[in-house]
Amino acid sequence: MRPFRPTTDEIAARIAARVMALPDEQVTKSLGEVMGEFADRHEQVENIFRRRFEQVKIYLAPGANPAPERQLLIGAFFTHEYSPESAALFNPSIVPHPDQSGLPAGSLRFILSLRATGEGHISSITFRTGTVSAQHRITLMPPVPFAAEPERVPNAAFEKALFAHKLEEAGVQDDFCRSILERLQENFTLKELYQALPTADSLDALATRSARGILLLAESNYEVHFAPESRVSQRVLFPSAPSQSNGIEDARFVRFQKDDGSYNYYATYTAYDGKIILPQLLETPDFVHFRFSTLNGPAVQNKGMALFPRKVNGHYVMISRQDDENILIMFSDNIDFWADPKLLLCPEQPWEFIKMGNCGSPIETPAGWLVLSHGVGAMRKYCLGAFLLDLNDPTRVIGRLREPLLSPNEAEREGYVPNVVYTCGALVHRRELIIPYAMSDSATSFATVPLDQLLAAME
């Protein structure tokens with residue numbers, strides 16, 4: 001169940017007025033029909049309608065105070081069902097589940113993230129869970145039939161110094177910005193930011209532009225949380241910020257080992273607003289609470305940024321493709337800021353002549369950092385490849401496949417984008433590489449290969 005937004009405020013006001021004009025008995029009858037049809041399809045439907053009413057009551061006439069039953073009906077008129085996976089389910093990544101309890105010896109529980117596409121070709125992130133046995137048998141748990149979106153954390157705090165740095169990197173820095181920041185505490189909320197901004201009618205053109213830049217940055221950095229009792233496969237991360245209004249695409253999840261030895265999960269993803277694509281960052285400790293952050297710096301462009309699973313020599317490391325052709329690498333002391341990418345790998349074989357890119361975060365092995373790649377060749381056919389980087393100096397390529405690791409076969413080449421196999425992340429379990437991969441931007445499957453066999457095939 002998602003918010004339904006009419007095309008204009010005037011239409012929304014007319015809809016609200018029509019519901020307000022209904023006789024009480026018609027309100028009771030209409031609400032009963034809605035609840036009879038949808039109460040068993042979703043959890044806490046009344047709460048969803050009640051929250052939705054709170055969001056749309058601005059469209060009511062001044063002084064209007066409808067009874068609780070009428071509030072629920074108004075909320076229902078501004079809500080609809082959306083099928084996030086109705087068009088496609090593809091570009092998966094895979095990470096170990098935070099909970100590994102209760103498993104047979106040698107088994108691994110995992111979380112699979114997927115790019116889901118629904119009506120309007122809008123992409124969101126959905127999830128599945130499963131296990132890999134000691135014998136490398138992959139089992140997926142069946143998903144729940146109806147999904148749920150998270151709630152925004154209402155009082156999530158911004159760190160003023162980091163916020164100011166991001167404004168500067170975005171080119172939004174003038175006396176107006178500085179005056180707004182001076183009114184804020186070292187840690188402030190979005191509500192406090194709104195209160196610090198003057199009314200729109202009091203601003204000149206330059207200040208209006210700066211105010212929009214401030215709000216765009218703030219609204220693109222936010223936190224959400226799901227009900228802890230919900231199942232992972234029930235959770236959907238749907239676009240809800242201006243920079244991602246047309247899609248959250250190709251999330252590359254990685255389990256990241258922090259300096260103290262504990263783990264956090266990050267995902268780099270592509271935010272798309274219908275015109276501009278931007279790499280962004282997602283963070284979660286538990287797949288219940290998620291934090292969306294903007295990435296900044298001159299290297300934050302194009303698609304396909306993928307974070308190493310730990311720092312190397314004290315620095316964060318990222319694989320990237322700023323030039324839309326070659327694979328690059330960059331280092332940073334701050335996970336939010338990236339600059340100075342260095343060329344790492346160029347197309348050499350015919351199956352990658354058009355361009356190359358990474359297929360998820362590097363995987364640490366005793367032999368080196370294993371990186372899955374994709375290459376685009378004749379007829380815009382996508383294949384998967386692999387290469388190996390030195391563990392201590394990941395700017396050194398020490399191994400590379402000359403032939404594709406995986407190519408689309410006859411059963412996989414038909415789909416929304418034909419002749420494509422693609423992944424956003426794999427993992428190694430008991431010396432076996434587990435690769436979830438997309439088939440022609442339509443559906444998802446799995447492939448496995450012994451790690452030692454793959455390493456031996458590299459030159």
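Ile 398 touches Ala 367, Leu 388, Leu 389, Asp 390 and Glu 459, leaving aside residues up to four places away in sequence. In this predicted model, Ile 398 has its place in strand β24, which spans residues 397–400, and the C-alpha atoms of Ile 398 and Leu 388 are 5.6 Å apart although ten residues separate the two in sequence. Because its relative accessibility is 35%, Ile 398 counts as partly exposed.

**Strand β22 and its partners**

- Nine of the nine residues of strand β22 (residues 368–376) are buried, so this strand is largely enclosed by the rest of the structure.
- Strand β20 (residues 355–358) runs antiparallel to β22 and is joined to it by four bridges, with Met 356 having Gly 375 of β22 as its bridge partner.
- Strand β21 (residues 363–365) is likewise antiparallel to β22, with three bridges between them; here Glu 364 is partnered by Trp 369 of β22, and the two strands form a hairpin with two residues between them.
- Eight bridges join β22 to the antiparallel strand β23 (residues 382–389), and among the residues involved His 374 has Leu 384 of β23 as its bridge partner.
- The hairpin of β22 and β23 has five residues between the strands, and in this hairpin Met 379 takes a positive phi near 60°.

**Arg 2 in strand β1**

- Arg 2 lies in strand β1 and counts as buried because its relative accessibility is 12%, the cut-off for that class being under 20%.
- Not counting residues up to four places away in sequence, Arg 2 touches Phe 78, Thr 79, His 80, Tyr 82, Glu 149, Phe 238 and Pro 239.

**The largest pocket**

- The largest pocket has a volume of about 1,400 Å³ and is lined by 44 residues, of which Met 1, Arg 51, Glu 149, Pro 150 and Glu 151 lie nearest its centre.
- Two or more lining residues come from each of β1 (2–3), α1 (9–20), α3 (45–56), β7 (151–152) and β10 (222–225), and α3 gives the most, with five residues.
- Sorted by class, the lining of the largest pocket holds 22 nonpolar, nine polar and 13 charged residues.

- β10, which contributes to the lining of the largest pocket, pairs with strand β15 (residues 289–294) in the antiparallel sense over four bridges, and His 225 has His 289 of β15 as its bridge partner.
- Strand β14 (residues 277–284) also pairs with β15 in the antiparallel sense over four bridges, with Leu 281 partnered by Ser 293 of β15.
- Four residues stand between the strands in the hairpin of β14 and β15, where Phe 287 takes a positive phi near 65°.

**The largest cavity**

- The count of cavities of 30 Å³ or more comes to one, and about 30 Å³ of space lies in the largest cavity.
- The lining of the largest cavity consists of Asp 250, Arg 252, Thr 268, Tyr 269, Thr 270, Pro 279, Gly 304 and Met 305, which divide into three nonpolar, three polar and two charged residues.

Note on methods
Residues are numbered from 1 along each chain as its sequence is written. This is a predicted model: local features need pLDDT of at least 70, side-chain atom pairs count only at pLDDT 80 or more; totals for chains, interfaces and linings use all residues. Side-chain values use heavy atoms; hydrogens and water are left out. On a 1 Å grid over the protein atoms alone, a cavity is a set of points where a 1.4 Å probe fits but cannot get out, and a pocket is an open set with protein on both sides within 12 Å along at least five of seven lines; lining residues have an atom within 4 Å of a point. Grid points are joined across faces, edges and corners, and a volume is the space filled by probe spheres set on the points. Ala, Val, Leu, Ile, Met, Phe, Trp, Tyr, Cys and Pro count as nonpolar, Asp, Glu, Lys and Arg as charged, and the others, Gly among them, as polar. Two strands pair if DSSP finds at least two bridges between them. Buried means under 20% relative accessible area, exposed over 50%, partly exposed in between (1.4 Å probe, protein chains only). Contact means heavy atoms within 4.5 Å.
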